[in-house]
Amino acid sequence: MDHAPVQQQLGALFRRQPRDWLRVDFHYWGPINENDERFEKIKTAVLEKRVLSFSYASYNGVTERRVKPVLLYFKGSAWYLQAFCLMRREFRTFKISRVSRLALTDEHLDAIRDCGAAGFVSDGSGSFFEKP
């Protein structure tokens with residue numbers, strides 16, 4: 001991944017070029033192969049509009065999920081997947097580091113139209129709200 005554009009933007013923000021005092025690395029600290037594979041599967045699902053299935057570890061325990069992916073985003077120090085959860089029947093935000101046993105299904109969907117996401121917007125906090 002080319003981090004130069006991010007470093008250029010940070011340099012402009014701090015009015016100083018980030019040559020030796022700032023580094024940007026979006027990789028996880030954990031095993032690189034596992035995280036890269038997980039990220040690639042999710043990216044493929046979002047771009048190809050394919051249903052994903054996975055185990056998700058939340059504060060309440062582990063649940064099996066099937067989702068219609070909408071988008072990936074990076075916030076703070078972590079990657080998230082925003083998707084329509086078929087189990088909960090609503091939009092949810094999933095922290096990618098809590099996803100395991102991830103599988104791409106052969107089920108292709110237009111996630112936005114099929115989920116009704118056109119009527120929703122994200123406020124950037126990870127939540128979806130109905131458009132006024």
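Reader: How many helices and strands does the protein chain have?

Author: The protein chain has three helices and seven strands. Helices are DSSP runs of H or I with at least four residues, strands are DSSP runs of E with at least two, and both are numbered from the N terminus. Along the sequence they follow the pattern α-α-β-β-β-β-β-α-β-β. This is a predicted model, in which local features need pLDDT of at least 70, side-chain atom pairs count only at pLDDT 80 or more, and totals for chains, interfaces and linings use all residues. Residues are numbered from 1 along each chain as its sequence is written, and side-chain values use heavy atoms, with hydrogens and water left out.

Reader: What makes β3 and β4 a pair?

Author: Two strands pair if DSSP finds at least two bridges between them. Strand β3 (residues 78-85) and strand β4 (residues 90-95) have six bridges, in the antiparallel sense. Alanine 83, for instance, has arginine 92 in β4 as its bridge partner. The two strands form a hairpin with four residues between them, and arginine 89 in the turn has a positive phi of about 60 degrees.

Reader: Which strands pair with antiparallel sense over five bridges?

Author: Those are β1 and β5. Tyrosine 56 stands opposite valine 99 in β5.

Reader: Why are β4 and β5 called edges of the sheet?

Author: The open sheet has five strands in the order β4-β3-β2-β1-β5, with antiparallel pairing. β4 and β5 each have a single partner strand, so one side of each is left without a neighbour in the sheet.

Reader: Why is lysine 49 called partly exposed?

Author: Buried means under 20% relative accessible area, exposed means over 50%, and partly exposed is in between (1.4 Å probe, protein chains only). Lysine 49 has 31% relative accessibility, so it counts as partly exposed. Lysine 49 is in the loop between α2 (32-48) and β1 (50-58).

Reader: And why does arginine 101 count as exposed?

Author: Arginine 101 has 64% relative accessibility, so the label is exposed. Arginine 101 lies in strand β5 (residues 99-108).

Reader: What phi does lysine 49 have, and what phi does arginine 101 have?

Author: Most residues other than glycine have a negative phi. Lysine 49 is not a glycine, yet its phi is positive, about 55 degrees. Arginine 101 is not a glycine either, and its phi is positive at about 45 degrees.

Reader: What share of the protein chain is buried?

Author: Buried residues make up 34% of the 132 residues.
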